[in-house]
Amino acid sequence: METAELRARLAAARSLTVLTGSGISAESGLPTFRGVGGLWRMHRVEDLASPRGFARDPHLVWTWYAERRRAHAGVEPSSAHVALAAIEERVDDFTLATQNVDSLHLRAGSRNVLELHGKMRESRCTICDLRRPLDDVLVEFTRDGVEALRHDCGGMWRPDIVWFGEPLPRAALEAAFDAARRADLMLVVGTSGMVQPAASLATKQCTDAFVVEINPEETALTAHVDASMRARASDVLPDLAG
Ligand code: APR
């Protein structure tokens, strides 16, 4: 599919849903999960991103998230993030459902963002669910180690991230499914489509929209979409927004 055709479809769209994954943040210099040099190629998921891994070694888990938080703070939204924020201004019913936890869509100015896999800027208590800024916990963790992770209620501070085996935040997920049902155009940008239920948003069970994948590689979703653009997010989205 050519950008000109997608541009025409965008101009005609009344309801647009965009699903993003770590490929769009690769444009800002962050690693993806499953690509070359990807996070899940260098680390064991079960040690770092599971409730069991956290129970076993909270120090290791927080040390890893501290590193990633620093990486997020050290990058800027890319032209692709910025383009999505500009597109939002032109479409009445716009929803951006992201699997990313790096806050780059919000920093780029996107407003109707559903963070399906949580957000790295916040932490929450494992028992009482109280929330506080992740950076506040990090300051104390860096100073006092694991002791700083204990909350008065008996729980532990953990990043507000959806770990493997955990349910997605219900309100965000429902809003994403509603948006997919309403959409007449859907863009799927920079995700391998390997992780459910997020990936299912782009399938015909969940949407009647015309679904366009923007990804330099074939993915698990390619067979389900209506058109594919084998391109980087920054090759397509700024052109669309312009
Ligand atoms: N533009 C568009 N797509 C890109 C770009 C780019 N510049 N660079 C890489 N990609 C694509 C890759 O081809 C790949 O299909 O981004 C995709 C990244 O896939 P994954 O590494 O599997 O990341 P993601 O789909 O975001 O993973 C989903 O898995 O571990 C969990 O919770 C984590 O949210 C994450 C989820």
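1. Two strands are taken to pair if DSSP finds at least two bridges between them. The model under review is predicted. With that definition in hand, take the hairpin of β4 and β5: five residues lie between the strands, and D129 there takes a positive phi near 70°. β4 and β5, the latter covering residues 131–133, pair in the antiparallel sense over three bridges. One of the facing pairs is S123 with R132, its bridge partner in β5.

2. D129 is found in the loop between β4 and β5, and its phi, near 70°, is a positive value in a residue other than glycine. Most residues other than glycine have a negative phi, and most peptide bonds are trans. Is D129 buried or exposed, or in between? D129 has a relative accessible area of 41% and is partly exposed, because that class lies between the limits of under 20% for buried and over 50% for exposed.

3. S103 also has a positive phi, near 65°, and is likewise a residue other than glycine. The residue sits in the loop between β2 (93–98) and α8 (104–108). Its relative accessible area is 10%, so S103 counts as buried, the limit being under 20%.

4. A further backbone point concerns a peptide bond. Q196 and P197 are joined by a cis peptide bond, with omega at about 5°. P197 is found in the loop between β7 and β8.

5. β4 (residues 118–125) is mostly covered, six of its eight residues being buried. β4 and β6 pair in the antiparallel sense over five bridges. Among the facing residues, K119 stands opposite D160 in β6, and C125 stands opposite W157 in β6. How many residues of β6 are buried? Five of the five are, so β6 is largely enclosed by the rest of the structure.

6. The loop between β6 (157–161) and α10 (170–182) holds F164.

7. Which strands does β8 pair with? β7 (residues 185–189) and β8 run parallel and are joined by five bridges. β8 and β9 (residues 227–229) also run parallel, with three bridges between them. V188 has E213 as its bridge partner in β8, while I214 stands opposite M229 in β9. β8 itself (residues 210–214) is mostly covered, since four of its five residues are buried.

8. Next, the ligand. The space taken by the ligand is the largest pocket. There are 24 residues around the ligand, and S22, R34, W40, T191 and S192 come nearest. Helix α2 (residues 22–26) supplies the largest share of the shell around the ligand, with three residues.

9. Which atoms of Q99, H117 and A233 face the ligand? A polar backbone atom of Q99 is 3.1 Å from an oxygen atom of the ligand. For H117, a polar side-chain atom lies 2.9 Å from an oxygen atom of the ligand. For A233, a polar backbone atom is 2.9 Å from a nitrogen atom of the ligand. The ligand has 730 Å² of accessible area on its own, and the protein covers 90% of that.

10. For a check against the displayed model, these items may be taken together. The positive phi values are at S103 and D129, with S103 buried and D129 partly exposed. The cis peptide bond is between Q196 and P197.

Conventions. Residues are numbered from 1 along each chain as its sequence is written. This is a predicted model: local features need pLDDT of at least 70, side-chain atom pairs count only at pLDDT 80 or more; totals for chains, interfaces and linings use all residues. Side-chain values use heavy atoms; hydrogens and water are left out. Buried means under 20% relative accessible area, exposed over 50%, partly exposed in between (1.4 Å probe, protein chains only). Helices (H or I, at least four residues) and strands (E, at least two) are DSSP runs, numbered from the N terminus. A residue is near a molecule or strand if one of its heavy atoms lies within 4 Å of it. A polar contact is a pair of N or O atoms within 3.5 Å; within protein, one must be able to donate a hydrogen and the other to accept it, and residues adjacent in sequence count only if both atoms are side-chain atoms. Accessible areas come from the Shrake-Rupley method with a 1.4 Å probe; for residues, only the protein chains shown count as cover. On a 1 Å grid over the protein atoms alone, a cavity is a set of points where a 1.4 Å probe fits but cannot get out, and a pocket is an open set with protein on both sides within 12 Å along at least five of seven lines; lining residues have an atom within 4 Å of a point. A molecule sits in a cavity or pocket if more than half of its atoms lie within 2 Å of its grid points.
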